[in-house]
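Please keep the sequence and the three-dimensional view at hand while reading.

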Amino acid sequence: MAQSIPELYGSLVFNDKIMREKLPKDMYKALKKTIENGTHLELDVANSVAVAMKEWALEHGATHYTHWFQPMTNFTAEKHDSFISPTVDGQVIMDFSGKELVKGEPDASSFPSGGLRATFEARGYTAWDPTSPAFIKDRTLYIPTAFCSYSGEALDKKTPLLRSMDTLNKEAVKVLRLLGNTEVKHINTTVGPEQEYFLVDKDLYNKRKDLIFCGRTLIGAPAPKGQEMEDHYFGTLKPRVSAYMHDLDEELWKLGIPAKTKHNEVAPAQHELAPVFDTTNVAVDHNQLTMEIMKKVAAKHNMVCLLHEKPFEGINGSGKHNNWSMSTDTGVNLLDPGKTPAENAQFLLFLTAVIKAVNDYQDILRASVASAGNDHRLGANEAPPAIISIFLGDELTGVLDAIVNGVKYEDKRVEMEIGVDVLPHFPKDTTDRNRTSPFAFTGNKFEFRMPGSKLSVAGPNTVLNTIVADVLDQFADELEKADNFQDALDDLIKRTIKENQNIIFNGNGYSDEWPVEAEKRGLLNLKSTPEAVPTFLAQKNVDVFSKYGVYTEAELQSRVEILLDEYCKTLNIEALTMIDMAKKEILPAAAKYIKDIAKTAELAKSCGAETVFEEETVKEISALVTEMYKALGTLEADVQKVHSIEDTQEMANFFHDTIFADMGALRVPADKIETLVGKDYWPYPTYSDLLFYVK
C-alpha cells in the first residue's frame, strides 16, 4: 500500500519529531537551545545526537555519512565515509561519534578560494550546521555543514549566509525593542525560491555538444513556432512531463522539501516549481537539493533538465524568483501591513528600511546575481532589467506619498500612530504583479526576480540580510537618541521615503524610456558581470560587510576573483565549443550540401531543365560559408590572445567586449545556413526538435 503524503513527507529527514523520539529529553533540550539561540554545543550532546542519527540512518538502510557543503560554486560537495569501524577480532561495528558529526576535513585545495589559499595549502574543515536538518539520500546520511579553511576563512556560501542571518536578527530585534515589543526573541528571514527549468529529450540532448559542455545552445535557428501563441503558459501538462513532475514531488517531499506549485512556463518545454516559504538557511539547502534532484529524476524519464539561464536564443530564459521576508518567533511577518495602528507603524518602519537598503546598495544586489548565463536574461525584454528598482504598486506608493506630503491618504481605513493618518487596511495582495520589476513588493514579501535559474540563492540573500540589517542599525541609533520617540519615528519614516523615492518605479521596466529615466534618477545600469562584480570592493560595500563580520575584506576580494574567473572560464568553454562545432560539423555539412546541390544542377542541365533553385542556393550558402569561415578565424585568433592577459578583470572585459561579440558574429551565418540546408545534412537536433519533442 502506497504511503500517504503526510507519511511520505520528511520520511528521510532527521527532523524535530525524530529528534524528540530518539534523544534523551535533556539532550533534546540542549540541542534545541543550540538551534534556536546559537549557543555552544557540548561534546556530550554531540555524541548523543551522533548515536541517534546513526541508529536512525541505519534503520533506513544508510551505510555511509557525508558532510554536505556548498563551496564557492553553484553546486554542492560531499565526501562519503562508511559507518564501519574494525574490531580486534577482525569484524566491524557501525560507529559514529560526536566528533565525526561536528567536524570533517575535506581537501580544500581544489575548491575555488580566490587567493585565500595557496594550492599546496590543502587543509580545510567542515562544521555541522544544526539549524539545517540532516537527511538520507542514496543510502547515505547527509549532514549539512559550513566549510572553512585551516586559517578560518569562509570557503563556502553557507557561512556568510549564517553570519548575515544572525546580523539581521540582532538589528531587527533591537528595533522591535524600541517599538515596545518585548516578546520577540528571534527574527528569521524567510525565503521561497521559485525554480524555472527546461526539459528536453535525452537522446536529442546527447547529440548537441553545446548543451553537453555549456548547458545552452550556441547555434540554432528559430523554430517556426516559438512562444508567440502563449499557449504553453499554464497549459495542460504533457503526459511525460506530468509523470516527471509527480515523481519529482515525491522525491522532494521525502526530503522535507515543501514543493507546492508546478506548471508550464511561458516558453515551450519550460516549467516551474515553487516551494512553501522556509527559514533562509533551510530554503537555500532545499533549493540546492531541488536542482540536483530535478536532474536525477529527469534522467529516469529519459529527459534532461536544463538549468542554464538562457538555453535557447529567442525565447524566454529561466530565472529563480527569490521571495524574501522577515518573521518573528511569535509568528508575525514584519512585512505584513497588519490591521492595528501599532503593527502598521512597525510595517512602515521595516518597509522603509528595505527600500533604503536596496537604494543604498543597489550595486552589490546586482552583483550578487551576476554570471555569464544571467547576462543573457537581464535587460533582454524577458526578465527584469539590469537596473535595480522597487515596485510597490499604486496603492502603497500612494500611502508613502501621503506620508511625505503630510496629508491623509484618500482611502483611509485605519489611523496611524506616526503623526498622520495614511495607511489603509488592505489585503495581502494589494499590488499588481509587475513582471518587469527586479524587486517587487507582493503583499507581505519582496520578490527579487533577478537571480538566474542555476544560481545558489545563498549569495543574494546574504546581501539582502546584511544591507537591511545595516539600515535597521542606523534607524536604531537615531531612535535611541530621540527626546520624543513618536516625533522621531514620524520624521525618520517621512525622511527615508522622501530620500529614496528615486528607487521606486511602478512602470514598464522593458520600455526604451526607462533606462533614460533611471539614469536621471541616479540609478545604476550594470549590464554585464565584468561591470557589476567589482562593485563588491567599493569602500562602502567593504565597510558594511566588514562591520557586521559577514565577509572580511579578503573574503570579499576572493569572491570577486572567483566570479570573474568563472565568467572567463565559461566564455572560454563556449568559444572553444563553438569553434569545434563550426570546424568539424557545420562547415563540412554545408560543404556537402553545396556539393550535392551542384551535382543536382549538373544533372538538371543535362536534361535541359532550369536550375534557378540549385544555383541560387549554392550561391547563397557559399556566401554564408565564406562569412562564417572569416568569423571563425577571428574568433580563433582572439581566443589565442586571451592567454597573454594576466589580470582577471582585464581578461573578463576582453571576453565580454571581444570574444562574446565574435561568437555572435559567427552565430549569424551559422543559423542562416541551418535554414537553407536539407534536414538530413544538418548535424544537430534543431530548436523544433528540442522544444517540441517531449510529449
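**Salt bridges and surroundings**

Arg495 and Asp491 are 4 residues apart in helix H15, so about one helical turn separates them. The model described here is predicted. Their side chains form a salt bridge, with the closest N and O atoms 3.1 Å apart.

**Charged contacts**

- Arg495 has a relative accessibility of 28% and therefore counts as partly exposed.
- Asp491 also counts as partly exposed, because its relative accessibility is 40%.
- Across the whole structure, a search finds 39 salt bridges.
- Lys254 and Glu251 form a salt bridge in which the closest N and O atoms are 3.2 Å apart.
- These two residues lie 3 residues apart in helix H9 (residues 239-254), so about one helical turn separates Lys254 from Glu251.
- Lys254 is partly exposed at 24% relative accessibility, and Glu251 is partly exposed at 27%.
- A salt bridge also joins the side chains of Arg208 and Asp210, at 2.7 Å from N to O.
- Arg208 is buried, with a relative accessible area of 0%, and Asp210 likewise counts as buried at 0% relative accessibility.

**Aromatic rings**

- The whole structure contains 18 aromatic pairs, according to the search.
- In the pair of Phe83 and Phe96, the ring centres are 5.6 Å apart and the planes stand at 80°, so the pair is edge-to-face.
- This pair links distant parts of the chain, its members being 13 residues apart: Phe83 lies in the loop between strand S2 (80-82) and strand S3 (84-86), and Phe96 in the loop between strand S4 (92-94) and helix H5 (98-102).
- Both Phe83 and Phe96 are buried.
- Phe347, Phe439, Phe441, Phe446 and Phe448 are linked into a cluster by ring pairs.

**Exposed residues**

- Ile212, Phe213 and Ile573 make a nonpolar surface patch of about 280 Å².
- Phe213 belongs to helix H8 (residues 209-214), and its relative accessible area of 52% makes Phe213 exposed.
- Asp512 is located in the loop between helix H15 (485-499) and helix H16 (513-520).
- With a relative accessible area of 68%, Asp512 is exposed.
- Asp512 and Arg495 are 17 residues apart along the chain, and their C-alpha atoms are separated by 31 Å.

**Cavities and a pocket**

- The structure has 6 cavities of 30 Å³ or more.
- The largest cavity holds about 330 Å³ of space.
- Its lining consists of 22 residues, of which Lys157, Gly459, Tyr551, Arg559 and Leu563 lie nearest the centre of the largest cavity.
- Helix H14 (458-480) and helix H19 (553-606) are the elements that give two or more residues to this lining.
- H19 supplies the largest share of the lining of the largest cavity, 5 residues.
- The second largest pocket has a volume of about 1100 Å³.
- This pocket is lined by 45 residues, of which Asn74, Phe75, Lys454, Glu566 and Thr570 lie nearest its centre.
- Elements that give two or more residues to the lining of the second largest pocket include H8, helix H10 (280-300) and H19.
- The largest share of that pocket's lining, 10 residues, comes from H19.

Conventions: Residues numbered from 1 in each chain as written. Predicted model: local features only at pLDDT ≥ 70, side-chain atom pairs only at ≥ 80, totals over all residues. Heavy atoms only, no water. Patch = residues over 30% accessible without salt bridge, like charges linked within 9 Å, V, L, I, M, F, W, Y side chains within 5 Å. Areas by Shrake-Rupley, 256 points an atom, 1.4 Å probe, with all protein chains shown as cover. Salt bridge = Lys/Arg side-chain N within 4 Å of Asp/Glu carboxyl O. Buried < 20%, exposed > 50% of the residue type's maximum accessible area, 1.4 Å probe, protein only. Phe/Tyr/Trp six-rings, centres within 6.5 Å; stacked < 30°, edge-to-face > 60°. 1 Å grid on protein atoms, 1.4 Å probe; cavity = no way out; pocket = protein on both sides within 12 Å on 5 of 7 lines; lining within 4 Å. Points joined across faces, edges and corners; volume = space filled by probe spheres on them.
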